[in-house]
Amino acid sequence: MYISIYCILSFLISACSGISVKASDGCGYDVCNLGDPNKLNVHIVPHTHNDVGWLKTVDQYFYGARNDIQHAAVQYILDSVIPALIENPDRRFVYVEIAFFWRWWIQQTEDMQNTVRKLVNERHLEFISGGWSMNDEGVTHYNSIIDQHSLGAEFLRDQFGECGRPKLGWQIDPFGHSKEVASLFAQMGFDGLFFGRIDFQDYTQRNQSKTMEMIWKGSYDLGEPSWLFTGVIPRVYTAPQSFCFDYRCHDEPIRDDPQLHDYNVPERVQAFIDAAHIQARSYTTNHIMMTMGSDFHYENSNEWFKNLEKLMKYVNAQQANGSDVNLFYSTPTCYLYALNQVNKTWPTKTDDFFPISWNTHGLWTGYFTSRPALKRYERYANNILQVTKQLNAFSNLTLRHAFFPLSEAMGIVQHHDAVSGTEKQHVANDYAQRLAQGIDSAEYVVDQALKKLLSKGDHSLPVPNQFFCHFLNISECLPIEDQNNFTITIWNPTIQPIEQIVRVPVTKMYTIRNATGQGIVADMLPIALSVKTIPGRMSRADYELLFTASVPGLGFSTYYFETKNQSVKQTMKVIRDQACILQNKHLRIEFDEKGNLIKIRNLDRNFDVAFSGQGLYWYTSFPGNSSMPEFQASGAYFFRPLTPYPIPASNTRNITCTYTHQVNKASIVYNNWASQEISIYGEGHIVEVEWIVGPIPIEDDRGKEIIMRYDTDIPSDGLFYTDANGRQVLQRKRDYRSSYNYTVYEGVSGNYYPVASRIWVKDSQRQLTVLTGADFLFRLIRRFCFVFCTILDRSQGGSSMHDGSVELMIHRRTLYDDSQGVGEPINETAYGRGLVVRGKHYLIIEPVESSASYHRMASQKLFMSPTMTFALPNVSYEVYSHNYHQTWTSLNQSLPVNVHLLTLDQLSAKVFLLRVEHYFETDEDAVYSKSVEIDLQSVFHVLGKITDLTELTLVANLPLTNMKRLTWRTDRNESSYWKSTGL
């Protein structure tokens, strides 16, 4: 993240038209009504908030189905709003969720589409944020946030040109707000951000100090380009009390016929003037914004607009009697511009808005972990999406439209009630089904692309179909069972060569040939009983082959499997229920006979990290009815333990240590629903911790929140560190908030933070980092550092509840609803039993000064992990090798290890979208934090000669040289002004 995070480029391979961005046609800030400088200007903002799934599925919300669950029909909202905007040119309306608008748009006639374009060009209808959904900010990864906003931005650019480009972020409903998201929004070209939910203590203090609006410094590294004006909206995003004019509300309409006995204009006008003055007390200018709308409002927009116009008429008429309140239709964009034109200074913020509390005992920290299987599936789907984009580009298939279902599904699942795990169960099932169908569409493109890259030419045999095995996470791949031969082709989506641990469930013994035809060593290991008994597993495989695969950067290697004619004796040592040691060249791990982890030793640097406790524990979920804060239950949104003391999953453990050529591992079984396996591989510097949890027992009528805990001797002084959406790392302090005076009401959940990829504790020399991800073998040019860092394969809630400790919540099963609207406990089942979840953590123990060189690189390799496709060639190896390429790379030179290829997307035959990033923070590493140069032509020579290059905003909807953001000044007299020099 040094100097410039992203270089977002569109480049042409030959002369042809590039990305078209229509010029503005009177839809800039100059059309905004700035009100009266001598009045309190009330910006009336009609809006609707349309959840892209929550209590109903996306389809049900769009069409208005299942209104017995919730009355909501998005198509009718848009059908109603558009004619209302045509009827009165003073009216304004803002819309956010492009997933819904796109559906509505493609059903309209050309005449209606042209009518809507006119409304957009004239700023009657305005798009804000413009993502496919309003993404969550706690559990989403920055890659997916960028993609889902890019998907919406592309649609708006193509259909509406510059007038469709959103100018600000609108995150009114997510349950906390990320500093990294603020930075991303600034790089998207946004001038500001508004949201509704912050901690109630923070809100109270900001309300009193009139600091509801601020300059949020999104990134220390990027400086001014990451600064974003940010405002907190009162009432979350609803209308002032008694002024909701939707049919869902029960507020009185404006009855303005004085001949009627229930004429209410005077009292309604005075009530609104009072509400405006009360709101203005919390803000520092003579402008305030009143959001007029809520969830799925404006299905009958006439009801809203008619009453709003009466309200504006009669309130403004009171100016003749000395009132200073001035009402007019506006948008958040125009309100933002009005604040900018006031020419004042603003307070700043440098931390984030996590975690946040609804009340004294209700903290939005449970959703950091809720629905862990869906959270993992979303990461898996994104991995496939990025690989599919790359393969489509390198094979020049121009099949971008074919995998649109996966892009759309990923955009939908970023919604703040989707990947967050806060939706009803049938909606979660729908999200998973959408991802599965999207992956199917991508599998077709991957198959076609690999057939093109594998083939040696016209005289080759037809390339066998390539397919995914989606259930490798439960050691199952049914199509290859009992086959005499099969192949695995491994695609590496990173620009660095890798060595990858591969596990293949098999029913036979096989020899394995690598890409050069050489036989390779593989261990045949029994599949654990805890895996074989996972509900729904259909495989007959009792063993898995484990081997190390080498794959070039941005390329593939194929491994050929052939049945052995005779069994080969395998050297494998097994020790049960005894003290044991796992060791390779770099690490030594010691266990006692009871299965307790005693210490991990870094052999390279000759130091230890001792463990006083490690393993699976659970908190009892608070069993309240949520009628009052003290009775607040733990549920899908909120995590609230009954007591602050976690209970061990079992007081006894069984340990089995296994030693083979490739792996040393300790399998630790707690009971019939909890186990873990701790492994180190041949040359690896990282400890792998694989856990299986479930079905979580609830026969005792107690909900349980399962954690993995690592208690070390590191004196961390109350501090720990978590990442923000997989990028920045923020320091956390137990029982403390840097932005406001914090009173502790919930000692455990109040210290939980979202962990998208890593968490660590450290002292002056040692650091324990915990990462999550897929199988990998991490090797690095020897650079010594003391680190205890955990890397994750999905987002989880995490904390450090005492010095030297790291804990991560990995699974939840609650029995009570937390009364935040979803109406269900988080009680997931599958195949008639509680849900079983399998996942991994990775531990890094190295010195502090160079820890980033491990956790940064490892985290990227985990997030963009290699993708395996299988094939059944039904030919001998000699025939296979004669007809097909077995390895290929797009690169002709090595690239800096601190550069990451985030996106390679073929937009058309000769136009490609490229995002590259320097992913180390300033001063994070003495070597890798330095800036680097790369030769794009050398990197992408296989695509042809680059003839044109345009640097774009982060969502690729505007040339960077054309981005002119509003300038703000802080109360320290700092200016946010920044101008891109371009390439």
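**Exercise 1.** Which residues in H2 meet Phe-100, Phe-101 and Trp-104 in H3? Then describe how the two helices pack.

*Solution.* This is a predicted model: local features need pLDDT of at least 70, side-chain atom pairs count only at pLDDT 80 or more, and totals for chains, interfaces and linings use all residues. Residues are numbered from 1 along each chain as its sequence is written, and side-chain values use heavy atoms, without hydrogens and water.

Step 1. From H2 come Val-74, Gln-75, Leu-78, Asp-79 and Ile-82 (contact: heavy atoms within 4.5 Å).

Step 2. Sort the contact by class: six nonpolar, one polar and one charged residues. Ala, Val, Leu, Ile, Met, Phe, Trp, Tyr, Cys and Pro count as nonpolar; Asp, Glu, Lys and Arg as charged; the others, Gly among them, as polar.

Step 3. H2 (residues 74-87) and H3 (residues 98-106) pack at about 70°, axes 10 Å apart. Axes are lines fitted to C-alpha atoms, for helices over the stretch in contact; angles run from 0 to 180 degrees between N-to-C directions. Helices (H or I, at least four residues) and strands (E, at least two) are DSSP runs, numbered from the N terminus.

Step 4. H2 and H3 are therefore roughly perpendicular (65 to 115 degrees).

Technical notes: Parallel < 35°, antiparallel > 145°, perpendicular 65-115°, else oblique.
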